[in-house]
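Q: Hi! I'm new to this one, could you walk me through it?

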Amino acid sequence: MDKLKKVLISYAVPIAFSILCISAVLIARIPPIFLASEIVRRLSRNTFLVLSLIIPIIGGLGLNFGIVLGAMAGQAALFFVVDWKIKGLLGILVACLMASAISIVLGWLAGLTLNRAKGREMITSMILGFFANGIYQLIFLFFIGSLIPFRTKQFLLPEGVGLRNTVDLYGTVASALNNVWMVRIGTVRVFVLPLLIVAALCLFIAFLFKTKLGQDIRAVGQDMHIAEVAGINVNKVRVIAVIMSTVLAGIGQVIYLQDIGTINTYNSHEQIGLFSIAALLVGGATTRKATIWNAILGVLLFHTLFVVAPSAGNKLFGQPQVGEFFREFLAYAVIAFALAMHGWRARKILM
Amino acid sequence: MDRFLEWLKRVDIPTLIIFLFLIALFVLAAFTKVSIPSLLSDSIRRIGMNGVLVLAMVPTIRVGTGPNFGLPVGIIGGLLGALISMQLGLAGFTGFWVAILFAILICLGIGLGYGWLLERVRGQEMMVGTYMGYSVVAFMSIMWLMLPFKNPDMIWAIGGKGLRYTLALDKYFAHILNNFLKFKIGGFEFPTGLLLFFAGACFLVHLFFRTRTGLAIDLVGQNERYAISSGVNPNKARLIAVVLSNVLAGVGIIVYAQSYGFLQLYQAPLFMTFPAVASILIGGASIKRANIRNVIVGTAIFQTLLTIALPVLSQVTRGDITEVMRLIVSNGMILYALTRTPKEAR
């Protein structure tokens, strides 16, 4: 009985969310085929980004709100690939390489910053994301076209400086990964290659924690002082964890955007942090513990709710707006709840 | 000269940079066609407009829980107060004071709950506060659509349900403080009432930190164990500080709204937090130390910077670079404060 209670408590969030999802689906009366095709697509689109959060959590840095830095790197890379008109899979490959290169630099800087703010990494990484967003806007609103050459005039604002609000990927790299291998099950389209990439990343993460580096990351996450005494260079390990997370986020953003097909120049990266973190937490992760399964389950549950919330809100209250606000509220509330639990537990350990 | 160098050492480098930037902007303004008196009166108006919100940061910083990133929680209370006053159809000073009264009452209630929550998550107040702010704003967005406000000035004209995004305060208490004892010197306008209110609020908070309770709050922030051994209940001190911060946030948003002339609902409260945090940090506060002088200096520098940057820089560059500058300056300042090594024991 006690054991059952323990299981129920530790899986409280996923269970509550499952109930919420099922009732929302029943209320909204969404056709199951439509729901299935949406979920499969979102699974191949978003899981990579959510997985990028796992390494810093195990490294004891908490939720890395700094993945927006990686997302910005991914977008920046895509802008140039589009400008250079590199098409198809080659374009994706070039974008991934460029995104990784930028992400390594950004992740290194982020890691150094977070090492100066031990104990308040999460708020620092969040503010770091906002700060980087300012720099990003400065570059892509004022420098591009003036200081940085950009040939494709149709993506620039009328004065020839600064990118437009949306940059189109159709005709260059849109769906380049999706189209390589598509399987149709009834009317549900399954994009196999992105799913395979996600599976490969899962294997990589599982493998990483079997290596020396992975064990070091885990040790640092459990107790920094003991790790230090054991001869691990704590600061270096933490920087590596942040770099890895940022690079994965950069690649994840490329995968995400090739599916979406258009880049929302000044918004796409902002939502990524929020939705990825919320999804991971919905899957039952905490700020100190996260697994691959948390990520997959989280994407499933969170995006089910995401798809059905507006129509459920419409059916219940007669206003689709209520559903949209409700969905936003849930994303924030889940994070607030997880953080509160984190604080609560940290305090119990201290006492 | 030595004293000047000594003073220079104590000033934060970012504050100095921002201050020098501000002076450079003024010099630039002198060469352009921008009218400096109107810039100055705009700046003064905005200092009074945002000041109380910045003041709300003081209690939580002093009690040791960091800047109040949950500012929207208190702002919601203030908005509710203003809405109730409007629903009652009160105008002028009556409307304003009734709004303040309701705001204080509601914020006391909300603050107690919020303080209770923060007490449970000691050490993570900034992060939990931020996301509590976000969640409360999203939750209240639903409520704005559902709450039974009936005043036709406030709800959507079509459908007759749900509050509008921005409510005009013209018929209620817009500019009521700004116009109180206002005087003009040439093109320069001085909103006496607004600044009197801000000064009064600062003075009250200053007095509060002279009382027994206020000193207890300071003590808890400086050294919790010492506070306990001196017979202070740290939990109670923190609760009081959070409630006070909430009340100031609620009052602050009403002052802001009356000066702006509009009450902004839905997402708007979210955009108040980071500028307010940045302001007090620019004024020389750290995440563990703050006083009234930091509030006044910080608000003055930051708001003047924002006011004068737009007209001056728009003559030099194309487009609105100030929004980007605001993002970089405010978040850069917060980042600096979060990452600097503590040297509090001065």
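A: Happy to, here is a short tour by question and answer.

Q: Great, what should I know before starting?
A: This is a predicted model, in which local features need pLDDT of at least 70, side-chain atom pairs count only at pLDDT 80 or more, and totals for chains, interfaces and linings use all residues. Residues are numbered from 1 along each chain as its sequence is written, while chains are lettered from A and ligands numbered from 1 in the order in which they are written.

Q: Thanks! How many helices and strands does chain B have?
A: Chain B has 14 helices and four strands. Helices (H or I, at least four residues) and strands (E, at least two) are DSSP runs, numbered from the N terminus.

Q: Why call chain B compact?
A: Its radius of gyration is 20 Å, close to the 20 Å that the globule rule gives for 346 residues, so chain B is as compact as a globular protein of that length. The radius is taken over C-alpha atoms, and the rule is 2.2 Å times the number of residues to the power 0.38. The C-alpha atoms of chain B fill a box of roughly 65 × 55 × 35 Å along the principal axes.

Q: How much of chain B is buried?
A: Of its 346 residues, 49% count as buried. A residue is buried if 20 or more other C-beta atoms lie within 10 Å of its own, exposed if 12 or fewer, and partly exposed in between, with C-beta atoms placed from the backbone.

Q: And what about contacts along chain B?
A: Among contacts between residues at least 6 apart in sequence, 75% join residues at least 24 apart. Two residues are in contact if their C-beta atoms, placed from the backbone, lie within 7 Å.

Q: Now chain A, what does that one contain?
A: Chain A has 14 helices and four strands. Of its 351 residues, 50% count as buried.

Q: Where do the chains touch, and how many residues take part?
A: The contact takes 40 residues from chain A and 32 residues from chain B. On the chain A side, α7 (121-143) and α14 (320-350) each supply at least two residues. The largest share of that side, 17 residues, comes from α14(A).

Q: What kinds of residues are on that side of chain A?
A: They divide into 25 nonpolar, 10 polar and five charged. Here Ala, Val, Leu, Ile, Met, Phe, Trp, Tyr, Cys and Pro count as nonpolar, Asp, Glu, Lys and Arg as charged, and the others, Gly among them, as polar.

Q: Switching topic, at what angle do α5(B) and α6(B) pack?
A: Helix α5 (residues 71-87) and helix α6 (residues 92-120) of chain B pack at about 145 degrees, with their axes 7 Å apart. Axes are lines fitted to C-alpha atoms, for helices over the stretch in contact, and angles run from 0 to 180 degrees between N-to-C directions.

Q: Which residues meet there?
A: Among them are Gly74(B), Gly77(B), Gly78(B) and Gly81(B) in α5(B), which face a group in α6(B) including Val98(B), Phe102(B) and Tyr114(B).

Q: Is Gly214(B) buried or exposed?
A: Gly214(B) is buried, with 20 other C-beta atoms within 10 Å. This glycine is found in helix α9 of chain B. Leaving aside neighbours within four places in sequence, Gly214(B) is in contact with Phe208(B) and Phe209(B).

Q: What covers the buried residues of α9(B)?
A: The cover includes α4 (57-62), α8 (192-208), α10 (224-229) and α11 (234-260) of chain B.

Q: And Gln315(B), buried or exposed?
A: Gln315(B) counts as exposed, with 12 C-beta neighbours inside 10 Å. The place of Gln315(B) is in helix α13 (residues 292-316) of chain B. Gln315(B) and Ala29(B) are 286 residues apart in sequence and 9.6 Å apart in space, C-alpha to C-alpha.

Q: Last one, how do β2(A) and β3(A) run?
A: Strand β2 (residues 182-185) and strand β3 (residues 188-191) of chain A run antiparallel, joined by four bridges. Two strands pair if DSSP finds at least two bridges between them. β2(A) and β3(A) form a hairpin with two residues between them, and Gly186(A) in the turn has a positive phi of about 65 degrees. Ile185(A) stands opposite Val188(A), and Val183(A) stands opposite Val190(A).
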